[in-house]
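Student: I have a structure open and want to go through it. Can you take my questions one by one?

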Amino acid sequence: MDTLTRMRAFLAVVENEGFSAAARKTGRSKALLSKYVRELEDELGVLLINRTTRQIALTAAGEVYVRRAGTILSDLESLNEEAREATGEAKGRIRVSAARTFGDAELGLSLVDFAKAYPDIGLDIHLDDNFVNLVEEGFDVAIRMTRLNDSAMIARRLASLDFAIVASPELLARLGRPSHPSEFVDYPAVVDSNSRMFSNWMFRDPVTQEQISVAVSGQFTANSPVTVRAAALAGLGFALSPSFVVRDDLEAGRLVTVLDEYMTSDAGIYAVFPHRRHLPARVRVFVDYLAEWFKKCNRKVAGELANGHAADGAARPDQVA
């Protein structure tokens, strides 16, 4: 148990990039964490962390140890979870990675609603528009909005995800409306550098169903759909955006879609988690809840459309919110 305590202290220091931050996060003193890490190094006979007055840096041995230690503690937690499942309980804490765009949008309410429904399950949510390595960074699950093709992960589709090419009315008045995706080679684009498509936008011919790949470029590149939206509103170029990000702008006429008939619809919102022999009950409960949350959301939108309550340009039933 002493070794496990020291391992947890070491991982806390690494994950929080320092002893002071780790102390604030764990509620333990900086001196105690330093003692545990020093004892772990003495036990192993190697230096794991190079310490300076301002920062820490992992040694080569520390780089190796942090990866294996994280796996060992994760496996131990899974073992404990299996024991808890025998009593029918789902407890513990879930480390969730999600795009900042997801958390800041209406979709993020799904996480808040889950926390209210399951007070015994803690959520540690990290919002970042960059993709993370779930195994190396110790996440239990990630919420990803993409065309998923990562075979190293297990994924469950939660909802469909529509994309649209949008532009400001002023840009269309100045440059004209494109009639075919190939024309984007000559048009300015606002590029989301975090998108899997990046500067190669994918389309599908509405007649032949053949895929069309178009290389785009422009003055403005950002790794955030929200920032890309702002650039499109400013007339800096055409932008490929998740529909829910620009929905209000489309309804208000601040942005306009083009070439809707060429847009593909094979993207989705996924819950993604690493391959594990045993998926903790709390993670299964979490993913099941999100799947049902999105189903209810889609049914609500579909009902509004059927009853004529949705405004022109509102979401279609296959959209996520």
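Student: How many strands form the open sheet, and in what order?
Tutor: There are 5 strands, ordered β11-β8-β12-β7-β13, with mixed pairing. Two strands pair if DSSP finds at least two bridges between them. Strands are DSSP runs of E with at least two residues, helices are runs of H or I with at least four, and both are numbered from the N terminus.

Student: Which strands stand at the edges?
Tutor: β11 (217–222) and β13 (256–258). Each has a single partner strand, so one side of each has no neighbour in the sheet. On average, neighbouring strands of this sheet are turned by 40° against each other, direction ignored. Axes here are lines fitted to C-alpha atoms, for helices over the stretch in contact; angles run from 0 to 180 degrees between N-to-C directions.

Student: Before we go on, what kind of model is this?
Tutor: A predicted one: local features need pLDDT of at least 70, side-chain atom pairs count only at pLDDT 80 or more, and totals for chains, interfaces and linings use all residues. Residues are numbered from 1 along each chain as its sequence is written, and side-chain values use heavy atoms, leaving out hydrogens and water.

Student: Back to the sheet. How many bridges join β7 to β13?
Tutor: 3, and β7 (residues 163–167) runs antiparallel to β13. Alanine 167 stands opposite valine 256 in β13.

Student: Which strands does helix α8 touch?
Tutor: Helix α8 (residues 225–233) packs on the sheet and touches β7, β8 (188–192), β11 and β12 (238–242). Contact means heavy atoms within 4.5 Å. The direction of α8 makes about 165° with that of β8.

Student: And α9, which strands does that touch?
Tutor: Helix α9 (residues 243–252) touches β7, β12 and β13 as it packs on the sheet. The α9 direction makes about 115° with that of β12.

Student: Now proline 188. Where does it lie?
Tutor: In strand β8. Proline 188 has 27% relative accessibility, so it counts as partly exposed. The cut-offs are under 20% relative accessible area for buried, over 50% for exposed, and partly exposed in between (1.4 Å probe, protein chains only).

Student: What is proline 188 in contact with, leaving aside neighbours within four places in sequence?
Tutor: Leu175, Ser217, Leu236, Gly237 and Phe238. The C-alpha atoms of proline 188 and glycine 237 are separated by 4.8 Å, though the two are 49 residues apart along the chain.

Student: New topic: aspartate 140. Buried or exposed?
Tutor: Buried, because its relative accessibility is 8%. Aspartate 140 is in the loop between β4 (121–127) and β5 (141–146).
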